[in-house]
Amino acid sequence: MSSLSFLHRACLRVALLPLAPLRAPLCRSHLPRPLLRLPPRSAMSSAASRMSHIAAATASSAAGESNDPATASGLGQEDDDLSAALGYRLPPKEIQDIVDAPPLPVLSFSPSKDKILFLKRRALPPLSDLAKPEDKLAGVRIDGHSNTRSRMSSYTGIGIHKLMDDGTLGPEKLVYGYPEGAKINFVTWSHDGRTLSFSVRVEEEDNKISKLRVWVADVESGEAKPLFKSPDIYLNAIFDSFVWVDNSTLLVCTIPISRGAPPKKPLVPAGPKIQSNETKNVVQVRTFQDLLKDAYDADLFDYYATSQLMLASLDGTVKPMGPPAVYTSIDPSPDDKYLMLSSIHRPYSYIVPCGRFPKKVELWTADGKFIRELCDLPLAEDIPIATSSVRKGKRSIYWRPDKPSTLYWVETQDGGDAKVEVSPRDIVYMENAEPINGEQPEILHKLDLRYGGTSWCDESLALVYESWYKTRKTRTWVVAPDKKDVSPRILFDRSSEDVYSDPGSPMLRRTAMGTYVIAKVNKQDESTYLLLNGMGATPEGNVPFLDLFDINTGSKERIWESDKEKYFETVVALMSDKTDGDLPLDQLKILTSKESKTENTQYYLQIWPEKKQVQITNFPHPYPQLASLYKEMIWYQRKDGVQLTANLYLPPGYDQSKDGPLPCLVWSYPGEFKSKDAAGQVRGSPNEFSGIGATSPLLWLARGFAILSGPTIPIVGEGDVEANDSYVEQLVTSAEAAVEEVVRRGVVHPDKIAVGGHSYGAFMTANLLAHAPHLFCCGIARSGAYNRTLTPFGFQNEDRTLWEATSTYVEMSPFMSANKIKRPILLIHGEQDNNSGTLTMQSDRFFNALKGHGVQSRLVILPFESHGYSARESIMHCLWESDRWLQKYCVSGTSKADSEPASDGESKTLSASGGGAAVEDLTSDGFSSTPRSLLW
């Protein structure tokens, strides 16, 4: 978990987002609105200076059965074996139409913010894309034919719009010249914004995709051409791909031209597979998947992952650089004179993924001359499982964005073990790329918590973040990097869980070197002002803001705030950052987003001093058939006094007096907290637009369901108390409160409430059916882990082992309570799930346990799918199965449990408690699919 929580949010929703954090709270992965992506050079320290490219969904395909709702939902189909034999099915048309709606393009602003790319996307990819052969090596899934990551989505076209002086968009100019039907990836602006670089691959025979070639396009004309004149030079995109070194040169990871055929697996092994721990090392690791299994796997990993770096100019000049190696990142210095190259090397491991393999970081000149080795870290199999533990040695090595070629990094002083008490715990260092006269690294700051990143401004100002997960403490330090006479001071010291006290994050401006630093604002006085961009959490919901913040006195002036009554607005990016130096307040220009419960996100320019608002986009509503849905953020209490929230959705046209109570689907994901007060804080806004992903529970609004989305399920462990020791009790009381609240409102039928979730939400679902059968008539659990003894070295935020907390592991495992489950449960799992802990075997074994106790259950394994589902056939079938289950066991109420006498704990009487509301974690839930409009 990165400490730069606001950066996390920024990376998930903002693009040229120069938003750096003033603190390092926990990550929110909810995706309520479009995404933006940072330009090629971000100043964000620990979030990597070049963000990976957002890849959207690809192509659609037909799968098919009848579109008749009754047939599609499987009503009347009693023979499970016959149902399974019919192949992939389609959900009712009203659900299909929403899922198949054409996606809106991804947007990308040029470095100077005067042009916008519209990156075209296809709808859901066909299953045939996932069915292509792949190799699972060292935690990476590889398409050997294309020599890239498998399952990689793509764009289908690139449109260029000029952003006019009045804020409107000029006519679209299409990039042309590349092969028709090509799959496009890694679209990147040159530093001056005059050229685009991207990769191209095309369909070949036998459902294969060609290797990737690098193309460049002139932004002014739109004409594209291959970067390399030779047809034998291909991109190796297993790890990094390519990066602009200057405005006319790219450094590209290529497949070595001399590489031959892949190694062949021996028909007869040379010997047994042996792992040894005769040295009695303590090595505890999570349940990683897709690991290397033998020497052949290691050879195959080397074969695909090894790159030859090539310096390629737009004039066609090509020059190899350095030896072939498994390069994982390439990072030019801000002045383009140096290159920092990271690579991994042997000895490899069979128990951890490649991110823990031995790592070497080297410094080269931009013209290909080796300077020095920065570090060579050994294999890291022994990183402790305790949260906040890290790798030994140098880590988070980056370029200072405010200097031409100065490096900074952090080194742990506790051996990387969070359980070791030591002061300081981390030390941040700085050093010139080429030290003069043997000068030693300079200490920037010493930290007693775990380092969380640095936001740079200039020689007199930088913000350093530290945090500690166990206590949720987070601090922001003000340091003067190049002024030794100025002592560091604490700017903010708070709990990362306390969202009400979040001061916001500093906005960044682009420098002449193409990097991003903290923007200083000139208010025509002697003070130094920053722009703090915050989500503005309040007991009534988020009210985003932009504050003018005096870094010296701490005083604030609110210069912009979201509408509170109808709309939800956020500051997306600073648009007036074309020059170095302080920004005049009266020349401020920002990009904002605006949405409401029923109006999808649009983007606007806000121009000072009048704060004139100019609309840039006019995206159509992605699902007009649900445009008039009802949404309300509801508040209620758990019986222990914890304040909870949830989003209640009702179908368009619903009239309580005429339609009466509805069947309801409750969909959630538990969260862990250290205090009840923090657990009860409101997260999110009642005015946010309701984004509906391809497997979202909101799809059932089209089927007449009420949806209770994201009811908070806080699992609280105050002080030294471990939250999971009372997991089941807190889970049940949160669910009781939520159910009681919607039933009290009269909009939900008490006997027709289903519960569902994905991943940890599936784990929640199974536990609720086992321990709260009086609340729910059935459940849907997708891609979950149900037996915690199969994840013995921790899961989620639990860092005790099975042997240290045996009773907790057992009591939390619904597998151990399979005999208590009396309500029908649908299990869905991807056959190729690669998420740590959620092996497909978890659902297999849980289903066998349920079946062994006569529980009404159904197990659906989706071929080729991973933790989240992507192919159209898989998603449609998942929706068909879910709809069939809900119609049969929730709407119709045909559960056998209805005819059985209730046990002592199954009374239909609801507790007089409050409700539950954990922040809806759509990314973790897995059903948050890419929003229909994206920015980066």
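Good morning. Let us begin with strand E41 (residues 662-667) and strand E45 (residues 748-758), which pair in parallel over five bridges; strands here are DSSP runs of E with at least two residues, helices are runs of H or I with at least four, and both are numbered from the N terminus. Two strands count as paired if DSSP finds at least two bridges between them. In this pairing, Trp667 stands opposite Gly756 in E45.

A word on the source. This is a predicted model, in which local features need pLDDT of at least 70 and side-chain atom pairs count only at pLDDT 80 or more, while totals for chains, interfaces and linings use all residues. Residues are numbered from 1 along each chain as its sequence is written, and side-chain values use heavy atoms, with hydrogens and water left out.

Let us return to E45. Five bridges also join E45 to strand E46 (residues 778-782), and these two strands run parallel. Here Ala754 stands opposite Cys778 in E46. Between E45 and E46 the chain passes through helix H10 (residues 760-771), and this β-α-β crossover is right-handed: with the strands pointing away from the viewer, the path from the first strand over the helix to the second runs clockwise.

Next, an antiparallel sheet. It is open and has seven strands, in the order E12-E13-E14-E15-E16-E17-E18. Strand E12 (242-246) and strand E18 (370-377) are its edges, each pairing on one side only. On average, neighbouring strands of this sheet are turned by 35 degrees against each other, direction ignored. Within the sheet, strand E15 (residues 318-332) and strand E16 (residues 338-344) share six bridges, and Ser329 stands opposite Ser342 in E16.

What packs on this sheet? Helix H6 (residues 295-305) does, touching strand E14 (307-313), E15 and E16; contact means heavy atoms within 4.5 Å. The direction of H6 makes about 115 degrees with that of E15, where axes are lines fitted to C-alpha atoms, for helices over the stretch in contact, and angles run from 0 to 180 degrees between N-to-C directions.

Is Asn647 buried or exposed? Asn647 counts as buried because its relative accessibility is 14%; buried means under 20% relative accessible area, exposed over 50%, and partly exposed in between, with a 1.4 Å probe and protein chains only. Leaving aside residues up to four places away in sequence, Asn647 touches Lys631, Glu632, Met633, Ile707, Leu708 and Ser709.

Finally, the whole chain: 61% of its 936 residues count as buried, and it has 14 helices and 49 strands. Thank you.
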